[in-house]
Amino acid sequence: MAGKTILTPAQRTALFDPPCDLAMIERLYTLGSEELAEIFRRRRPANRIGFAVQLCYLREPGRALRLDEAPPIAMLALLAEQLACTVNDFSLYADRSPTLREHRAQAEAWLGMRPFQVSDRRTLFDIAINVAASTDRGEAIVTEMVRALRENNVTLPASDTFERIALVARARARKSAYAGIARGLSAQQKDNLAGLLGAGTVPGRTTLTWLREYPESPSAGNLAAVIDRLEVTRDLTIEPDRARTIHANRYAVMARESAIMSAQHLSRLDDVRRTATLCAFAIEMEVALTDAAVFMMEKMIGSMFR
């Protein structure tokens with residue numbers, strides 16, 4: 001598939017291709033009496049097995065058979081057995097694209113389905129935006145879009161249609177989250193955050209790096225070093241409640257990024273994303289330093305009593 005994708009090949013196969021497992025094929029593609037009656041309205045064996053494949057594809061995975069697509073051989077064998085024809089009959093059917101398109105329309109009508117339309121893109125985008133507000137996982141976003149179309153009896157379009165919509169929605173959700181956590185920051189707060197990327201008190205290290213490299217072993221000197229850092233983070237005046245202005249999962253991703261991005265990497269981000277990531281860093285750093293100070297105090301008091 002050309003261009004950027006949001007699904008792995010295995011995820012794409014699971015969502016958009018018929019199963020290859022024999023037990024699943026038998027469960028999904030064993031035909032009922034009404035289906036057999038409809039299929040046997042076609043006289044030629046090739047048309048019967050071809051129409052049956054179209055019908056089965058529309059039921060599960062919910063999309064149309066593509067031109068030149070070879071269904072799983074186990075699926076063809078099961079259908080051929082039920083329709084008193086052979087697997088080789090399908091190759092004769094696949095060479096007739098007008099018949100294939102005509103049968104697709106007939107199968108959709110018989111199943112009460114309709115083709116995917118341009119207007120459906122807006123619906124899918126709204127669904128994708130809603131899911132992407134809480135996750136970056138492409139599979140979760142696309143799965144929800146697929147589920148919505150199946151529930152509304154709409155034939156699934158090509159997988160790259162879903163992936164393009166999901167990619168745009170995910171980018172929009174990320175941008176919205178960055179803007180959300182940084183919204184309402186004063187000019188002073190933004191300057192305070194920007195100062196983290198500048199030279200710190202230790203030569204050759206930024207304030208960001210200095211804050212991250214706090215000592216962890218309990219001692220009076222190390223406790224003083226932790227408290228010095230804690231005072232710096234509190235002087236940033238970033239409200240902890242900002243973490244709750246966006247979805248918790250989105251904030252967790254932002255916090256993880258803030259813990260590993262270097263000052264150089266952060267400086268290359270756009271203003272909104274850099275400010276938002278530094279907000280998350282300030283919030284998480286204050287929590288981490290507070291915990292470290294409490295831990296040291298407990299250890300030192302315990303040692304004194306011992």
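Ser258 is buried, at a relative accessible area of 2%, where buried means under 20% relative accessible area, exposed over 50%, and partly exposed in between, with a 1.4 Å probe and protein chains only. Ser258 is found in helix 14. Setting aside residues up to four places away in sequence, Ser258 touches Arg212, Thr277, Ala280 and Phe281; contact here means heavy atoms within 4.5 Å.

Before I continue, a word on the basis of these values. This is a predicted model, in which local features need pLDDT of at least 70, side-chain atom pairs count only at pLDDT 80 or more, and totals for chains, interfaces and linings use all residues. Residues are numbered from 1 along each chain as its sequence is written, and side-chain values use heavy atoms, with hydrogens and water left out.

Leu278 has its place in helix 16, residues 271–305, and counts as buried at 3% relative accessibility. What does Leu278 touch, not counting residues up to four places away in sequence? The contacts are with Leu193, Leu196, Leu197, Leu208 and Leu266. By contrast, the C-alpha atoms of Leu278 and Gly32 are separated by 60 Å, the two residues being 246 residues apart along the chain.

That separation brings me to the overall form. The protein has 16 helices and zero strands; helices (H or I, at least four residues) and strands (E, at least two) are DSSP runs, numbered from the N terminus. Along its principal axes, the C-alpha trace spans about 90 × 50 × 30 Å. The radius of gyration is 29 Å, whereas a compact globule of 306 residues would have one near 19 Å. That quantity is taken over C-alpha atoms, and the globule rule is 2.2 Å times the number of residues to the power 0.38. Buried residues make up 44% of the 306 residues. Of the contacts between residues at least 6 apart in sequence, 71% join residues at least 24 apart. The accessible surface comes to about 16200 Å², and 54% of that surface belongs to carbon and sulfur atoms; accessible areas come from the Shrake-Rupley method with a 1.4 Å probe, and for residues only the protein chains shown count as cover.

I turn next to charge. There are 40 positive and 37 negative side chains, and the centres of the two sets lie 4 Å apart. Lys and Arg count as positive and Asp and Glu as negative, while His and the chain ends are not counted. The place of a charge is taken as NZ of Lys, CZ of Arg, CG of Asp or CD of Glu.

How many salt bridges are there? The count comes to 22, a salt bridge being a side-chain nitrogen of Lys or Arg within 4 Å of a carboxyl oxygen of Asp or Glu. In one of them, Arg250 pairs with Asp136, the closest N and O atoms being 2.6 Å apart. This pair links distant parts of the chain, 114 residues apart: Arg250 lies in helix 14 (residues 248–260), and Asp136 in the loop between helix 8 (120–132) and helix 9 (138–151). Arg250 is buried, with a relative accessible area of 6%.

In another, Arg242 and Glu239 meet at 2.8 Å, N to O. Arg242 counts as buried at 9% relative accessibility, whereas Glu239 counts as partly exposed at 34%. Elsewhere, shared partners join Asp17, Arg63, Arg66 and Glu69 into one network of salt bridges. Glu69 is buried at 13%, and Arg66 is partly exposed at 45%.
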